[in-house]
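User: Hi! I'm new to this one and would like a friendly walk through it. Could you show it to me?

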Amino acid sequence: MKNVQLVQVGDRAGQRLDNFLLSHLKGVPRSRVYRMIRSGEVRVNGSRRRPSSRLEFGDQVRIPPVRIEERLESIEAPRAWIDSIKNSVLHEDDDLLVLNKPVGVAVHGGSGEAFGIAESLAKVFGDADMQLAHRLDKATSGCLVIAKNRRTLNRYHSAFRNSDIQKSYDLLAEGKWPIKLTRIDARIERFHLANGERRVRVSESGQRSQTGFEVVASCAKATWLTARPETGRTHQIRIHTQYAGHPILGDRKYGNRKFLPRAPRMMLHARTLELPEVGEIVAPVPPAIVSYWERLKQAD
């Protein structure tokens with residue numbers, strides 16, 4: 001158990017409060033960190049803050065006494081898991097690394113996950129300074145940017161936050177998507193279920209959220225779409241497709257669990273990123289998505 005800590009923000013200025021705490025409190029479950037923020041146990045300059053609030057140079061963060069669990073640090077990732085991450089590199093230079101994140105791999109440990117990519121970067125790549133520049137859901141595969149130094153991390157945090165990085169996703173949606181529905185502009189708000197699980201929903205009181213859509217192909221039961229999020233809200237594409245009446249196949253949070261044939265995974269893949277001074281990075285569509293699409297077409 002650690003005592004109350006007063007930590008002054010220095011070279012990590014610009015980082016989100018939740019990411020700052022997750023980095024500082026190695027081994028503390030992710031759910032506990034968010035609970036500390038929501039309850040007001042964590043204070044910034046004496047005031048409560050949201051998990052997404054950005055820290056400034058010189059801010060003083062009060063961190064309450066918390067038990068450091070050794071479980072996350074002591075559990076070794078399986079060799080096959082480590083090899084799959086090593087073999088998923090799409091691009092690497094002096095400042096950043098881009099992975100083709102496998103489906104089913106969490107980017108953070110905690111909340112039932114023994115380990116995630118964030119906690120394993122030093123083990124996998126031998127570089128303790130690496131940090132995630134953004135996130136992907138565990139059930140989503142595709143392009144994931146990892147910064148190798150603080151300067152690059154701050155630059156990419158800002159770029160993702162301001163939607164300066166162009167992203168595209170491939171997805172399979174239930175039913176026939178209207179060809180003229182090329183953009184959804186629907187505000188999104190976060191909420192928590194009674195069990196603490198985080199969800200989002202369309203709400204007039206939510207944050208501005210916009211996604212462009214383009215039909216790639218269609219069959220009787222489904223549509224292959226390209227989605228281009230113009231904002232970066234949590235679960236944005238997933239909730240916008242649900243709002244349109246055509247949820248992503250295999251989405252166990254927002255989709256139709258009765259749809260047949262059952263999808264082997266969530267049919268959402270972060271396919272491209274247009275990165276400053278790097279250019280377009282492409283993560284090939286996984287075979288599981290392609291083969292499931294072929295199966296859907298055969299059902300016509």
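User: Thanks! To start, which residues are buried in α1?

Analyst: In α1, the buried ones are Leu17, Asp18, Asn19, Phe20, Leu21 and Leu22. Buried means under 20% relative accessible area, while exposed means over 50% and partly exposed is in between (1.4 Å probe, protein chains only). Before we go on, this is a predicted model, where local features need pLDDT of at least 70 and side-chain atom pairs count only at pLDDT 80 or more, while totals for chains, interfaces and linings use all residues. Residues are numbered from 1 along each chain as its sequence is written, and side-chain values use heavy atoms, with hydrogens and water left out.

User: Good to know. And how do you decide what counts as a helix or a strand?

Analyst: Both are DSSP runs numbered from the N terminus: helices are H or I with at least four residues, and strands are E with at least two.

User: Back to α1, then. What covers its buried residues?

Analyst: The cover includes β1, α2, β2, β3 and α6 (150-161), judged by contact, which means heavy atoms within 4.5 Å. Six of the eight residues of α1 are buried, so the helix is mostly covered.

User: How does α1 sit against those strands?

Analyst: Helix α1 (residues 17-24) lies across β1, β2 and β3 and runs at about 60° to β3. For that angle, axes are lines fitted to C-alpha atoms, for helices over the stretch in contact, and angles run from 0 to 180 degrees between N-to-C directions.

User: In what order do the three strands come in their sheet?

Analyst: The order is β1-β3-β2, in an open sheet with antiparallel pairing. β1 (5-8) and β2 (43-44) are at the edges with a single partner strand each, so one side of each has no neighbour in the sheet. Two strands pair if DSSP finds at least two bridges between them.

User: How many bridges are there from β1 to β3?

Analyst: Four bridges join β1 to β3, and Leu6 stands opposite Arg62 in β3. Between β2 and β3 (residues 60-63) there are two bridges, with Val61 in β3 as the bridge partner of Val44.

User: Which residues of β1 are on its covered face?

Analyst: Gln5 and Val7 are on the covered face, and Leu6 and Gln8 are on the uncovered one. In a regular strand, side chains alternate between the two faces of the sheet.

User: What about α2, which of its residues are buried?

Analyst: In α2 (residues 30-39) they are Arg30, Arg32, Val33, Tyr34, Met36 and Ile37. Their cover includes α1. After α2 comes Gly40, with a positive phi near 90°.

User: Switching topic: where is confidence lowest in the chain?

Analyst: Confidence is lowest in helix α3 (residues 71-74), at a mean of 44, and highest in strand β13 (residues 222-229), at 98. Over residues 70-74 the pLDDT is below 50, and that stretch has eight contacts in the model beyond near neighbours in sequence. pLDDT is the predictor's confidence in each residue, from 0 to 100. Where pLDDT is low, the predicted coordinates should not be read in detail. For the chain, the mean pLDDT is 88, with 92% of its residues at 70 or more.

User: What does β13 pair with?

Analyst: β12 and β13 pair in the antiparallel sense over seven bridges. They form a hairpin with three residues between them, and Val215 stands opposite Leu225 in β13. Strand β12 (residues 210-218) also pairs with strand β9 (residues 183-185), antiparallel over three bridges.

User: Now Leu172: buried or exposed?

Analyst: Leu172 is buried, with a relative accessible area of 0%, and lies in strand β8. Leaving aside neighbours within four places in sequence, its contacts include Thr223, Trp224, Pro247 and Trp293.

User: And Val200, where is that found?

Analyst: Val200 is in strand β11 (residues 198-202) and counts as buried at 3% relative accessibility. Val200 and Ile188 are twelve residues apart in sequence, yet 6.5 Å apart in space, C-alpha to C-alpha.
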